Amino acid sequence: MEDKIWLSSPHMGGNELKYIHEAFDTNWVAPLGPNVNGFEEDLAQYLQEEVKVVALSAGTAALHLALIQCGVGYGDEVICQSMTFSASANPIVYQGAFPVFVDSEPETWNICPFALEEAIKDRIAKGKVPKAIIAVHLYGMPFKVDEISGIAAKYNIPLIEDAAEALGSTYKGKACGTFGRMGVLSFNGNKIITTSGGGALVCHNQHEKDTAVFLSTQARDQAPHYQHSHIGYNYRMSNIAAGIGRGQMEVLPERVIQRRKAHDFYRELFHDIEGVKVFSEPTSDYYSNHWLSAIILNPNRSQVTPEDLRLALLESNIESRPLWKPMHLQPIFSGASYYGGKVAQELFENGLCLPSGSNLTENELHRIAQVIHRVFKKQYHLETKTN
Ligand SMILES: *Cc1c(COP(=O)(O)O)cnc(C)c1O
């Protein structure tokens, strides 16, 4: 059996160990320390906006703190894009609040402005103003930032930007993660850069950052003894993990180019295959890091199903994966409210994520191309027979 080709695997740059060694040499193995500050500064500089970044143990932790800072509490309602990873929605429930899920639109696969406004109006009519909106840049593709921000502003509801998959993406030249009242990044093992596990909260002023640091370090009041006036969390990033992050920041621009090259490879590969579309930017306003390259099959025009292709790739030890299963279709959220139609559901049924790592070799791309050609050649044979 040939070596496994992963959907998205960690890709070190080389200097990560240097920063970890520095931490060891200074015995700064405890949490916090110079790598944490350095990583936060690297991120703020990369995002190129007046932002304050807080490095945390996970993107999920960042989302949780964002909800807390937006005042979400027990019994509140929070609007959330349905087409996403469950970590976007779970922190709503941590707060004792209720998610209200909203469908996607077909251009960016992200939260639909029309369904969003319908949801807000209907929740208000039912007596509750949603406390926050969580919008996601899925697979690195920016959501419709102008439309969604406009609606959030119109109803005065804070927008939380889940940019966990979109570090390196931009909308109209501005970095994803900087548009919302708060932004969320993830450095989980499969993301575009990794700290082996970690995340960050993007804030817009020092007070917000101080609050996030306070809450993420057990909410200790200013006192020589341990005194607490708030519930705290142990969510801060460690100095070791941040050392990996600093090394990864040195190669992030290169990683974006490499992921985008994988996307170009699939564009080329599928360009003459009937009934398959590679998920791409709708206009030049959108610049995706193409964290994962994904395709969508037209069930009326392709004899191949996403599952056929997934199994054929698996036979050659190549990992691929269905798109995120929408939250409103998840057993755990079966009781939640939902607004919209079947866009997210149809994406889930007809889509597939393909190997997208920045470390894919020529030989691996060749193996992928061979399987895809073989699977879709069968389709052509079927077509000529039926014609
Ligand atoms: C990865 C991810 C998260 C969670 O980040 P972790 O660092 O794994 O906690 C949240 N939202 C989306 C859309 C993600 O892809």
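Helix α10 gives the most to the lining of the largest pocket, with 4 residues. Keep in mind that this is a predicted model.

**The largest pocket**

- The space in the largest pocket comes to about 440 Å³.
- Its lining is made of 19 residues, and the closest to the centre are Pro106, Trp109, Lys277, Ile296 and Leu347.
- Which elements give two or more residues to that lining? They are β10 (276-278), β12 (293-297) and α10 (343-350).
- Sorted by class, the pocket lining has 11 nonpolar residues, along with 4 polar and 4 charged ones.

**The cavity**

- There's 1 cavity of 30 Å³ or more.
- The largest cavity holds about 30 Å³ of space.
- Around the largest cavity you'll find Ser9, Pro10 and His11, then Lys191, Ile192, Ile193 and Thr194, and finally Gln248, Arg259 and Ser358.
- That cavity lining splits into 5 polar, 3 nonpolar and 2 charged residues.

**Helices α2 and α8**

- Helix α2 (residues 34-47) packs on helix α8 (residues 239-270) at about 25 degrees, and their axes are 7 Å apart.
- Angles under 35 degrees count as roughly parallel, so α2 is roughly parallel to α8.
- Is their crossing left-handed or right-handed? For α2 and α8, it's left-handed.
- On the α2 side, the contact uses Pro34, Asn35, Val36, Gly38, Phe39, Asp42, Leu43 and Tyr46.
- On the α8 side, the contact uses Asn239, Ala242, Gly243, Gly245, Arg246, Met249, Leu252, Pro253 and Val256.
- The contact of α2 with α8 has 10 nonpolar residues, plus 5 polar and 2 charged.

**Helices α5 and α6**

- Helix α5 (residues 113-125) and helix α6 (residues 145-154) pack at about 15 degrees, with 10 Å between their axes.
- With that angle, α5 is roughly parallel to α6.
- As α5 passes α6, the crossing is right-handed.
- From α5, Pro113, Leu116, Glu117 and Ile120 make the contact, and they meet Glu147, Ile148, Ile151 and Lys154 of α6.
- By class, the contact of α5 with α6 has 5 nonpolar and 3 charged residues, and no polar ones.

Terms used. Residues numbered from 1 in each chain as written. Predicted model: local features only at pLDDT ≥ 70, side-chain atom pairs only at ≥ 80, totals over all residues. Heavy atoms only, no water. Axes fitted to C-alpha atoms, helices over the stretch in contact; angles between N-to-C directions. Parallel < 35°, antiparallel > 145°, perpendicular 65-115°, else oblique. Left-handed = near helix turned anticlockwise from the far one by under 90°. Contact = heavy atoms within 4.5 Å. Nonpolar A, V, L, I, M, F, W, Y, C, P; charged D, E, K, R; others polar. 1 Å grid on protein atoms, 1.4 Å probe; cavity = no way out; pocket = protein on both sides within 12 Å on 5 of 7 lines; lining within 4 Å. Points joined across faces, edges and corners; volume = space filled by probe spheres on them.
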